Amino acid sequence: VLRHGYMIAEWGDTRRVDVTYSVTKSFLSATTGLALAEGLIRDMHDPVADYVNDGGFDSPHNAQMTWHHLLQQTNEWEGELFGKPDVADRRRGRDRQLQTPGTFWEYNDVRVNRTALAILRVWGRSLPDVLRERIMEPIGASDTWEWHGYHNSDVEVNGRTIKSVSGGGHWGGGMWINSRDQARFGYLYLRQGRWKDEQLLPQEWIDATTTPTEVQPTYGYMWWLNTGQELWASAPASSFAARGGGSNIVWIDPEHDLVVVIRWITGNAVDGVLQRILAAVRDGRGEGR
């Protein structure tokens, strides 16, 4: 638990490196924000096909997709990647008719992995290397975290073979990281992308990240939002989180200047933990160091 930038409580082994499942998506989102800041992506509403020419966005349906659609998971991308068809992870009906990109939200790791590959193409280099250089080293993260792809996710980029990493833990892969490093990453977002005297991510990117998706108001750019207090009834509506299986969560509360990393508890117990932390903060037990 971080309060005003200081660790005020911890339990368990916070230095243990472990899989963090779909929390990985929020790290993937950050590499997109960096590409936008670098000018590698000019506008999030540009068609991905204007940047990526590997066949993945050639069909009339897929050619409609923008970066905005990819990050909000409203893209409805159709195809196969690394041996997995998108239907393998369609949560809302494998046989349903595909919708126009931007009109339908579905959590789909095949499509997230397609997003990761598209961003890799834009950078022309390994996404873990980008994240390490531009985010993790500047925020003082340890060197113990690892971001994995699959045994068959090597791709050729500019004559070099690079591993395309996955955006979650489906079928293996994903981010393996300790709780303290996740807390540092969360604190970067709490501080609107600023670390000490350096703006690592544009504040505008943090604002875009936490803007509700029209067709799924509890989701932004691969971050979960507590819009209407729908996800965590005890927490402020302005709070948001990176969130993955196993109740892995990096929860950020700007109202109370808090970052909380939780791992491996029952999903419906998260709100109870947040409720107790907020109660401690409100009665003064969470002040100071």
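Me: Buried means under 20% relative accessible area, exposed over 50%, and partly exposed in between (1.4 Å probe, protein chains only). With that in hand, is Asp257 buried or exposed?
Reply: This is a predicted model, where local features need pLDDT of at least 70, side-chain atom pairs count only at pLDDT 80 or more, and totals for chains, interfaces and linings use all residues. Residues are numbered from 1 along each chain as its sequence is written, and side-chain values use heavy atoms, without hydrogens and water. Asp257 has a relative accessible area of 13%, so the class is buried.

Me: Which residue forms a salt bridge with Asp257?
Reply: A salt bridge puts a side-chain nitrogen of Lys or Arg within 4 Å of a carboxyl oxygen of Asp or Glu. Here the closest N and O atoms are 2.9 Å apart, and the partner of Asp257 is Arg191.

Me: How many residues apart in sequence are the parts that Arg191 and Asp257 tie together?
Reply: Helices (H or I, at least four residues) and strands (E, at least two) are DSSP runs numbered from the N terminus. Arg191 sits in the loop between H5 and strand E9 (194–195), and Asp257 in the loop between strand E13 (248–253) and E14, so the separation is 66 residues.

Me: Which residue pairs with Asp54 in a salt bridge?
Reply: The closest N and O atoms of this pair are 3.0 Å apart, and the partner of Asp54 is Arg121. Asp54 lies in the loop between helix H1 (24–38) and helix H2 (67–72) and its partner in helix H3 (residues 109–123), so parts 67 residues apart in sequence are tied together. Asp54 is partly exposed at 28% relative accessibility; at 27%, so is its partner, the residue you asked for, Arg121.

Me: What is the relative accessibility of Asp89?
Reply: Asp89 meets Arg91 in a salt bridge (3.1 Å, N to O). Arg91 is partly exposed at 42%, whereas Asp89 counts as buried, at 7%.

Me: Which element gives the most to the lining of the largest pocket?
Reply: On a 1 Å grid over the protein atoms alone, a pocket is an open set of points where a 1.4 Å probe fits, with protein on both sides within 12 Å along at least five of seven lines; lining residues have an atom within 4 Å of a point. The lining has 29 residues, with Met7, Glu10, Thr14, Ser179 and Arg180 nearest the centre of the pocket. Strand E2 (6–7), helix H5 (179–190) and strand E14 (258–262) each supply at least two, and the top contributor, with six residues, is H5.
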